Amino acid sequence: MLRVLEVERSTYYAHLPKSSHQQGAIHRKGRPVPGLSYTQAGKPVSDEQIQEWIMEFLSGEGSVYGYRKLTVLLRRRHELVINKKKVYRLCKHLEVLRPQRQLKLKHPRRFANNRVLTTSNEL
């Protein structure tokens, strides 16, 4: 039919209504979240358990820790094989991330005050 109408196949499928050929769930890019991590011995640990450990650290001694220090604590105390990006995702889910600090300039920028500039590169 497309050959008779002299229409490209890509053009035909681009103008189809979305509901006719895409009725399933929305698929996100990337690998799905597995929901668990492993200890160094190979024992699986669920994300819920890791979130409990993170909350214990934050309620106790590590109230000012960020996700990188929490990663080190999880690796040392619970012998987890875990990435800092996963700890960041779990902290973001728990809404315990601290705001990023604002860097202050060491030397404030100086502007030309009360000067009359007549040409370029004069200041």
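Modeller: Tyrosine 13 belongs to helix 2, which covers residues 9-14; helices (H or I, at least four residues) and strands (E, at least two) are DSSP runs numbered from the N terminus. This is a predicted model, in which local features need pLDDT of at least 70 and side-chain atom pairs count only at pLDDT 80 or more, while totals for chains, interfaces and linings use all residues. Residues are numbered from 1 along each chain as its sequence is written, and side-chain values use heavy atoms, with hydrogens and water left out.

Biologist: Is tyrosine 13 buried, exposed or partly exposed?

Modeller: Buried means under 20% relative accessible area, exposed means over 50%, and partly exposed lies in between (1.4 Å probe, protein chains only). Tyrosine 13 has a relative accessible area of 46%, so it is partly exposed.

Biologist: How many aromatic pairs does a search of the whole structure find?

Modeller: Rings of Phe, Tyr and Trp (its six-membered ring) pair if their centres lie within 6.5 Å; planes under 30 degrees apart count as stacked, over 60 as edge-to-face and the rest as tilted. The search of the whole structure finds two such pairs. In one of them, the ring centres of tyrosine 12 and tyrosine 13 are 5.2 Å apart and the planes stand at 75°, so this pair is edge-to-face. Tyrosine 12 is partly exposed, because its relative accessible area is 33%.

Tyrosine 67 and tyrosine 88 also form an edge-to-face pair, with 5.0 Å from centre to centre and 70° between the planes. This pair links distant parts of the chain: tyrosine 67 is in helix 5 (residues 67-77) and tyrosine 88 in helix 6 (residues 84-94), 21 residues apart. Tyrosine 67 is partly exposed at 23% relative accessibility, and tyrosine 88 is partly exposed at 35%.

Biologist: Which residue is joined to serine 37 by a polar contact between side chains?

Modeller: A polar contact is a pair of N or O atoms within 3.5 Å; within protein, one must be able to donate a hydrogen and the other to accept it, and residues adjacent in sequence count only if both atoms are side-chain atoms. Serine 37, found in strand 1 (residues 36-39), is joined to lysine 86 by a side-chain polar contact of 2.8 Å. With a relative accessible area of 5%, serine 37 is buried. Between the C-alpha atoms of serine 37 and asparagine 83 there are 9.5 Å in space, although these residues are 46 apart in sequence.

Biologist: Are its members buried or partly exposed?

Modeller: Aspartate 47 counts as buried at 7% relative accessibility, and lysine 86 is buried at 12%. Arginine 89 is partly exposed, with a relative accessible area of 33%.
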